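User: I am new to this structure and would like to understand the terms used for it. Could you take me through them step by step?

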Amino acid sequence: MKLPGDVDLRMAWAIFMRNATEYGNTWRINLLPNFFEPILYLVGMGLGLGYYLADGMEGQDYLAYIAPGLCAASAMNGASFETTYNMFVKMTFARLYDAYLSTPAQVQDIAFGELLWAVARALIYGVAFLIVIAAMTAAGYSLLSSPWALTMPLALALIGATFALIGEFFTSLIRQIDLYSYYYTLWLTPLFLFSGIFFPVSRFPYGETIAWFTPLYHAVRLCRGLCHGPLDSSHLVSAVWLSAVCAVLLYIVPIRLRSRFWQ
Amino acid sequence: MPAIEAKNLRKTYGALEAVRGIDFSVHRGECFGFLGPNGAGKTTTMRMIYRATPIGEGSLTILGLDVGVGTNDRAIKRRLGVVPQEYNLDERLSVRENLTVFGRFYGLRGGPAQTRIDRLLRFAALTDRSDTPVQHLSGGLKRRVQIARGLLGDPDILVLDEPTTGLDPAVRNALWQQLVELKRRDTTLVLTTHYMDEAEKLCDRLVIMDRGGIVAHGSPAELIAQHVTSHVVELHIESEAELESVRQRHASAVSRTARLAERLLLYTDRGEDIIQRVVHESPHVVATLRRSNLEDVFLEITGHGLEEAA
Ligand SMILES: Nc1ncnc2c1ncn2[C@@H]1O[C@H](COP(=O)(O)OP(=O)(O)OP(=O)(O)O)[C@@H](O)[C@H]1O
Ligand SMILES: [Mg+2]
């Protein structure tokens, strides 16, 4: 089956399945940390720091305030790792893409297959987080207060796709693996801190305006809306914003990757 | 229609002309070889054939499909099997997982896929290693996995870039047998190698490349007949001075002399006469008479490691 851009879904699926096979060999080791991360943040920031914030944040209990944004960030992290370090290693040291490309697979299939897998990883991270939040809600913490929370996996998939494609784009540009330290320190870390997870970005002059142009801000806003409501047009704008970035990158990334392999 | 046809095929990397206008045509069902010293352009030519790199100038047609038309690439690759020069297996997966994953690119899945993989594992004598992670295999075993992988799509053309480099003699022989078997089943083989005995055994026709061009072509027998004498007298002489003096003494009686380290080679069509003369005049020298082979042609043509006289 073909998608626009001559993506052959069967080939992309083969690449997805390759990654799933590798994960299947190690998931017992890999899955557990996905649960620790949310617990550490929720306990450390939510219960620890939150204890000193008697009024909460924006009229909300601090724990409930940060939970949706942290969930978005965990999807971001899950997807990012797959299409940065992991993808770079497969592309260069392991020469795996050379091997794929000598089969009927083409570059755009690889880009799409890696995207599918990164979305799956984002879902694994994000849903693990959701499970922890839901468990705490059941225990009386009220971290989820809207029925729309049931659609969170869809939002997490969209967030995962966005960051997977941004990662693929960066990967298509660099020649040295060391450059990812810039990607993490100067891109993902600032996003994590200044996208409204822990405090409203309007704290800083033009904060809201600048943040509007960055992806995690929209991811956080969307997740917060779905977890707590009430939903309004701003959440739709965020969903469209993320989808538009995906669409643009879906077009650009295969071209960039192709110029790298097709020489 | 030939399996592969190249006309004035070129490829440059920046200022470097890796392939400078070569013509060749591979018939269906034959084994076609590319020989040549390091950097001659063999791998570059293979990569153009298996669509890992665009062609520069000229034309290349594979199974009737013009590679100049980009949309043909998938169709071409579907009918090709590739065993690249460098290892690029999935080291994190087992042998069977590797074949299962790559089989999906050829539409193999489920039970039929495993049946085919079992057959390929038997073919490559890997059945008892099928669950070993590839990273724990020796180089020769990895090469065999790569060959099995190259056959997953039941290719019409199998491209092998130095398939037996790093293999022990027993495994090489086993592989040759398997390649002959494939050829009998009408698979076209395209092969590069640095082993002249391999080329001589396997290839119906071959070309010798040097510095990006084709410098000779023909069947092994034709090449030997065209480029070298029927026999070679090989002398092992350790002393430099003595080697030179023996060479002076016999140079005029033979067609050509050559040196390879402490070996002196006398090329001649009168092998019996010459070896008797040598043994008579230099009784302590170890002399052997042999028929010329492709290695002699290779050295004659590419001139590498060779000092000429006569
Ligand atoms: N991707 C590349 N970029 C730049 N130059 C390249 C590239 N690939 C090959 N070359 C150059 O092209 C020339 C031909 O290389 P090629 O790999 O085709 O040689 P070869 O005949 O396969 O040699 P060997 O016997 O060592 O495998 C060499 O000079 C090589 O350095
Ligand atoms: Mg080579």
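**Reading the terms from the model**

Analyst: Leaving aside neighbours within four places in sequence, B:His250 is in contact with B:Leu266, B:Arg277, B:Val278 and B:Glu281. The model is a predicted one, and B:His250 itself lies in helix 9 (residues 240-251) of chain B.

User: Why is B:His250 called buried?

Analyst: The relative accessible area of B:His250 is 1%, and buried means under 20%, so B:His250 counts as buried.

User: What makes B:Ser94 buried, and where in chain B is its place?

Analyst: B:Ser94 has a relative accessible area of 8%, and the limit for buried is under 20%, so B:Ser94 is buried as well. Its place is in the loop between strand 6 and helix 3 of chain B. Apart from neighbours within four places in sequence, B:Ser94 is in contact with B:Ser130, B:Asp131, B:Thr132, B:Pro133 and B:Val134, where contact means heavy atoms within 4.5 Å.

User: Turning to chain A, which elements does it have, and why is it called as compact as a globular protein of its length?

Analyst: Chain A has nine helices and two strands, and from the N terminus on its elements run β-β-α-α-α-α-α-α-α-α-α. Its radius of gyration is 19 Å, close to the 18 Å given by the globule rule for 263 residues, so chain A is as compact as a globular protein of that length. Its C-alpha trace spans about 60 × 40 × 35 Å along the principal axes, and 52% of its 263 residues count as buried.

User: What is the surface of chain A made of, and how are its charged side chains placed?

Analyst: Chain A exposes about 11700 Å², with carbon and sulfur atoms supplying 70% of it. Its side chains include 14 positive and 15 negative ones, and the centres of the two sets lie 8 Å apart.

User: What are the corresponding values for chain B?

Analyst: Chain B has eleven helices and 15 strands, and its C-alpha trace spans about 75 × 45 × 35 Å along the principal axes. Of its 310 residues, 55% are buried. The accessible surface of chain B comes to about 13200 Å², of which 49% belongs to carbon and sulfur atoms, while 40 positive and 42 negative side chains have centres lying 8 Å apart.

Definitions and conventions:
Residues are numbered from 1 along each chain as its sequence is written. Chains are lettered from A and ligands numbered from 1 in the order in which they are written. This is a predicted model: local features need pLDDT of at least 70, side-chain atom pairs count only at pLDDT 80 or more; totals for chains, interfaces and linings use all residues. Side-chain values use heavy atoms; hydrogens and water are left out. Helices (H or I, at least four residues) and strands (E, at least two) are DSSP runs, numbered from the N terminus. The radius of gyration is taken over C-alpha atoms; the globule rule is 2.2 Å times the number of residues to the power 0.38. Buried means under 20% relative accessible area, exposed over 50%, partly exposed in between (1.4 Å probe, protein chains only). Accessible areas come from the Shrake-Rupley method with a 1.4 Å probe; for residues, only the protein chains shown count as cover. Lys and Arg count as positive and Asp and Glu as negative; His and the chain ends are not counted. The place of a charge is taken as NZ of Lys, CZ of Arg, CG of Asp or CD of Glu.
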